[in-house]
Each structure stands twice: as C-alpha cells, then as structure tokens.
Amino acid sequence: MYSVNNIPVTPGVPVSITLNLNFTSAPSSNGNASLSTCPSCGTHQASKTQVLNAFTTSLGPDAVATVESSKAASVNVEETSEKPTTVPVCITQKEVKNNPAAILIGEGTEIPRWKKGTVIRFTTLIKMGFDSKEDAEYATKHLITAASEWNKLNLGVRFEYVDDPSTANFVLVHGGDQGSTLAMAYFPNPRSLNYVYVYTAAYKAPGWKPNMWKVFCHELGHVLGLRHEFALEREKGMPAVRLGAVDPLSVMTYRADPPTITENDIKYTQLFYSLPATEVIGGLPIHDYSPALF
C-alpha cells in the first residue's frame with residue numbers, strides 16, 4: 001500500500017483504469033461492427049465526418065437521424081419493483097487492444113481521463129439497430145438519466161445530449177443480440193467519434209429494461225475512465241491500478257442487483273479527476289484527453 005494525496009492506493013488494481021485506443025468500429029444498420037478505418041485509403045483511423053458521410057452514402061440520409069432532445073427527457077429514477085433474475089454482463093474491457101499490460105513490455109503506459117472542462121456530447125442514432133423509434137427513445141431517456149447522475153458529481157467533466165451527431169463524441173446504437181451482455185462502452189481517447197452499444201438483453205432479460213439507466217451508469221463509468229471493480233481478480237490480462245478502497249457494491253461491479261453509484265464511487269472518482277495531470281498512480285502517468293471535433 002502507498003498513498004496519493006493521503007488516499008490509499010494499491011499498485012496493480014482500479015480507479016480501475018486502462019487504455020482503449022484502437023476499438024473504433026462503427027456499427028452497420030443491423031448492429032454489426034463494419035467501419036473502423038478511413039473509407040478512402042483503408043489505413044488510418046476514419047474521422048467522425050468520414051464515418052457519418054459513409055453512413056448516409058450507404059444507408060441514406062435517415063441513417064444519422066437522432067432522437068430529438070425534446071423527446072429525450074430523463075426518466076423517473078425512483079426504484080422499480082421489478083428486479084433482475086440474472087447477473088449483468090458488460091464487455092467494454094473485452095474490446096481493449098492497448099492496455100496497461102503493455103507496461104510490461106514498455107508500451108502504452110498511461111491512465112486516460114478527460115481534460116478538465118470537457119463536455120462529452122452524445123446522441124442516439126435511431127436507424128442503427130433499434131427495432132423501433134420507441135426503443136431508441138426509451139434507451140435515450142435512460143442514458144440521459146445516467147448522464148445526469150454522473151453530472152451530479154461535478155467532476156469538471158460533464159455529459160450533454162445533442163441532436164446533431166456531427167457534434168457528438170459518442171453515439172448510442174443497438175448492437176443486436178449478444179446473449180446475456182447488456183451493453184458496451186469505451187474509455188477516454190482522442191477519437192472524434194465513439195460508440196456506446198445497448199444490446200437485446202437490456203430490453204428482454206427479466207428485470208433489466210426498467211433498470212436500463214443503471215446499466216448506463218456502469219457504462220458511463222467506463223467512459224469516464226473507470227475499470228471493473230473486480231479487474232485485479234478476474235481480468236488479469238488487463239492490469240489496472242486501484243485508487244481508494246475496495247467497494248463490492250461499486251457501480252463498476254457485477255451483481256444480481258442493478259448497479260448504483262455508491263459513496264465510494266463518488267469519493268474516489270472525484271479524487272481521480274482532482275489529481276494534477278502530472279500525477280502518477282501505481283507507476284502509470286495520467287493522460288488527459290480532449291475529444292477531437294471532426
């Protein structure tokens with residue numbers, strides 16, 4: 001054990017944070033990943049403008065239609081009596097290509113987070129995999145609720161729903177049926193466009209649909225740079241660094257009850273975002289990212 005700013009830190013575990021710099025596939029209309037490189041040269045990373053233009057060229061102008069903000073008000077976050085019967089699954093970290101394991105071979109040694117003042121703008125693409133406009137609106141309302149919960153922490157970084165996908169840092173899309181997996185997100189990075197996926201189980205697995213906003217609380221934790229609470233024990237292929245105390249009830253863990261943001265989540269995420277950009281945690285330097293605009 002050692003400490004950062006007098007807060008206990010254990011080497012080798014989460015603010016549970018890692019790299020996720022290469023997963024950039026854009027979804028096709030049926031939810032499958034299909035576009036990850038420049039459509040012109042096929043080599044470098046496609047820009048947001050190129051991706052959105054490719055969608056409209058291939059699928060028509062409606063391909064980038066979004067849920068209007070006037071219909072995307074947050075939902076009532078009061079507890080539902082409907083409880084899930086299965087433990088959730090999130091595969092965000094399964095998609096990590098560059099991660100702190102690279103530290104062992106001298107590459108990619110950093111802890112990503114967003115630069116102070118960053119506004120993480122997002123929208124929902126109705127035509128990207130959703131069975132109906134109503135399903136897209138339902139998920140959007142729950143995602144906005146989750147964003148509002150994280151915004152309450154006043155991290156100096158906030159989420160904001162927008163109507164125009166060209167101004168979004170990420171888009172919510174439906175990724176089809178992935179078995180028991182509910183959703184997938186991403187970690188801080190310099191890309192101009194990222195994806196948060198909601199899957200069929202989030203709608204159809206017993207008890208999860210009314211608790212979808214809690215699933216999104218977990219996913220937005222990843223977007224802020226947080227790893228799974230159990231990363232050290234169950235994800236040893238992707239080493240992490242722990243900042244603060246172990247919290248078995250963290251929003252970043254899996255359990256039968258829907259995840260909620262705990263007091264420890266609040267305390268240590270606020271600490272994480274309060275640390276100077278020059279801070280080193282568990283041997284890893286913090287890297288502050290700003291979303292690319294185009």
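Modeller: Happy to. This is a predicted model, where local features need pLDDT of at least 70, side-chain atom pairs count only at pLDDT 80 or more, and totals for chains, interfaces and linings use all residues. Residues are numbered from 1 along each chain as its sequence is written, and side-chain values use heavy atoms, with hydrogens and water left out.

Biologist: What share of the 294 residues of the chain counts as buried?

Modeller: The chain's secondary structure comes to six helices and 14 strands, taken as DSSP runs numbered from the N terminus (helices H or I, at least four residues; strands E, at least two). Buried means under 20% relative accessible area, exposed over 50%, and partly exposed in between, with a 1.4 Å probe and protein chains only. On that scale, the buried share of the 294 residues is 55%.

Biologist: Which word describes how α2 lies to α4: parallel or oblique?

Modeller: Helix α2 (residues 133-151) and helix α4 (residues 212-223) pack with axes 8 Å apart, at an angle of about 55 degrees. Axes are lines fitted to C-alpha atoms, for helices over the stretch in contact, and angles run from 0 to 180 degrees between N-to-C directions. Under 35 degrees counts as roughly parallel, over 145 as roughly antiparallel, 65 to 115 as roughly perpendicular and the rest as oblique. The angle therefore makes α2, relative to α4, oblique.

Biologist: How many residues of the contact of α2 with α4 are nonpolar?

Modeller: Contact means heavy atoms within 4.5 Å. Among the residues that meet are Tyr138, His142 and Glu149 in α2, and Met212, Phe216 and Gly221 in α4. Here Ala, Val, Leu, Ile, Met, Phe, Trp, Tyr, Cys and Pro count as nonpolar, Asp, Glu, Lys and Arg as charged, and the others, Gly among them, as polar. Three contact residues are polar and one is charged, while the nonpolar ones number eleven.

Biologist: Is Leu220 buried or exposed?

Modeller: Leu220 is found in helix α4. Leaving aside neighbours within four places in sequence, Leu220 is in contact with Leu143, Ala146, Ala147, Trp150, Phe159 and Phe170. Because its relative accessible area is 1%, Leu220 is buried.

Biologist: And how does Thr260 count, at 28% relative accessibility?

Modeller: Thr260 lies in the loop between β12 (242-243) and α6 (263-274). Not counting residues up to four places away in sequence, Thr260 touches Lys214, Leu249, Ser250, Val251, Arg255 and Asp265. With 28% relative accessibility, Thr260 counts as partly exposed.
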